[in-house]
Amino acid sequence: MITTEATEVAPAREYVPAAPDRGPRRGRRAWDQAPRWQIYLPLGIYLVFTLIPFYWILLFALRPAGSTSLVPWPVTFDHFEKVWTERAFGTYFQNSVLVGVATLFLTTVVALAGGYALARFDFKVKKAFMLALLCTQFVPGALLLVPLFEIFANLQMINSLASVVIAETVFQLPLSIILISGFIRNVPPSLEEAAWVDGCNRLAGFRIVVLPLLRPGLIAVGSFAFVHAWNHFLFALMFLSDQGKQTIPVGLNTLMSADSVDLGALAAGGIVAAVPVVLVFAFIQKWLITGFSAGAVKG
């Protein structure tokens, strides 16, 4: 007797035709499909209008006095030598560096302490204090000149670089505290608590665990304070009467008189004032954007 075993045959899969291509997927941004020239052309026009003033300053600084050429040739550095030696821009530069670095240090340290208090502690007037910090941003710096001058005069600090440093620090603290507090809120408190369990006190835990994570925020706050102190004109003009203690913005103002303006010297002085700021921003730009964006996020 012959037996046959039935073999099971898998059913054939039903053929489903592929959906026709209907163009770009949903959710893709419109500018991803835009031609490149529609992106680069507006950016190029904006770049040209931005760089023309800088080229004009460079042109006046490098071409000889009395020349009307649109190309700085032959190149001369007489204007730079004039502002650095005859106009005492070397002294102005040194004073600006001292004021900027001192303002950076004081603003960062005080803002770090105030930002940590706002981010980690709860107290009754916390909301009112935050509101007061925000309201101070609407007060122009010119309104602070008279009361600050009276305070520094009573303390016998007029014609001292310390008065400018204190004024710049006070002016920068509200925004700096807000940025630092927002950045600290993004650091989980559990990291500090783990350090406390390991035997660290609050200060040691903050220094070991939290402080290294705040580097982008500290760089953002410090650079903003430095640049503002470097470029600010009113405080240095009002509180410093001795020419040997004035800063670069006041020194640039001395190059302009009611009768005439030395355009070559003024352009050279503007480049001397702008180059350090450009170098600072070129070095810290990757930390600056991260610091400002992280400090603006609500924790």
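Predicted model: local features only at pLDDT ≥ 70, side-chain atom pairs only at ≥ 80, totals over all residues.
Helices here are DSSP runs of H or I with at least four residues, numbered from the N terminus.

**Entry 1: the whole chain**

I began with the secondary structure and found 12 helices and 0 strands. Reading from the N terminus, I get α-α-α-α-α-α-α-α-α-α-α-α. The chain has 299 residues, and 34% of them count as buried. I then looked at contacts between residues at least 6 apart in sequence: 73% of these join residues at least 24 apart.

**Entry 2: α3 against α6**

How do the axes of α3 and α6 cross? I have them coming within 6 Å and crossing at roughly 35°. The crossing of this pair is right-handed. I sorted the residues of the contact by kind and got 17 nonpolar, 9 polar and 3 charged.

**Entry 3: α3 against α9**

I stayed with α3, which covers residues 89-120, and turned to its packing with α9, residues 215-231. Their axes are 8 Å apart, at an angle of about 145°. I noted this crossing as right-handed. On the α3 side I listed F93, S96, V97, V99, G100, V101, T103, L104, T107, T108 and L112. Facing them from α9 are L218, V221, G222, A225, F226, A229 and W230. That contact divides into 12 nonpolar and 6 polar residues, with no charged ones.

**Entry 4: α4 against α6**

Next I went to α4 (residues 126-135) and α6 (residues 161-185). The two pack at an angle of about 130°, and their axes are 8 Å apart. From α4, the residues making the contact are K126, L133 and L134. α6 brings P174, I177, I178 and R185. By kind, I have 5 nonpolar, no polar and 2 charged residues in this contact.

**Entry 5: the loop between α5 and α6**

I wanted to see what sits between α5 (145-154) and α6, and Q156 is in that loop. Is Q156 buried or exposed? Exposed: its relative accessibility is 73%, and the cut-off for that label is over 50%. Its phi is near 60°, a positive value in a residue other than glycine. N159 is found in the loop between α5 and α6 too. For N159 I wrote down a positive phi of about 65°, although this residue is not a glycine.

**Entry 6: S96**

Back to α3, where S96 has its place. S96 has 2% relative accessibility and therefore counts as buried, the limit being under 20%. Which residues does S96 touch, leaving aside neighbours within four places in sequence? I found W230, T247, I248 and P249. W230 was already on my list for α9, in the contact with α3. I also checked S96 with I248: the two are 152 residues apart in sequence, yet 6.2 Å apart in space, C-alpha to C-alpha.

**Entry 7: H232**

Last stop is H232, in the loop between α9 and α10 (234-239). Its relative accessible area is 16%, so I put H232 down as buried, with under 20% as the limit. What does H232 contact beyond its neighbours within four places in sequence? The answer is E168 and P249. With E168 there is a polar contact between side chains, at 2.8 Å.

Methods
Residues numbered from 1 in each chain as written. Heavy atoms only, no water. Axes fitted to C-alpha atoms, helices over the stretch in contact; angles between N-to-C directions. Contact = heavy atoms within 4.5 Å. Nonpolar A, V, L, I, M, F, W, Y, C, P; charged D, E, K, R; others polar. Left-handed = near helix turned anticlockwise from the far one by under 90°. Buried < 20%, exposed > 50% of the residue type's maximum accessible area, 1.4 Å probe, protein only. Polar contact = N/O pair within 3.5 Å; in protein donor to acceptor, adjacent residues only side chain to side chain.
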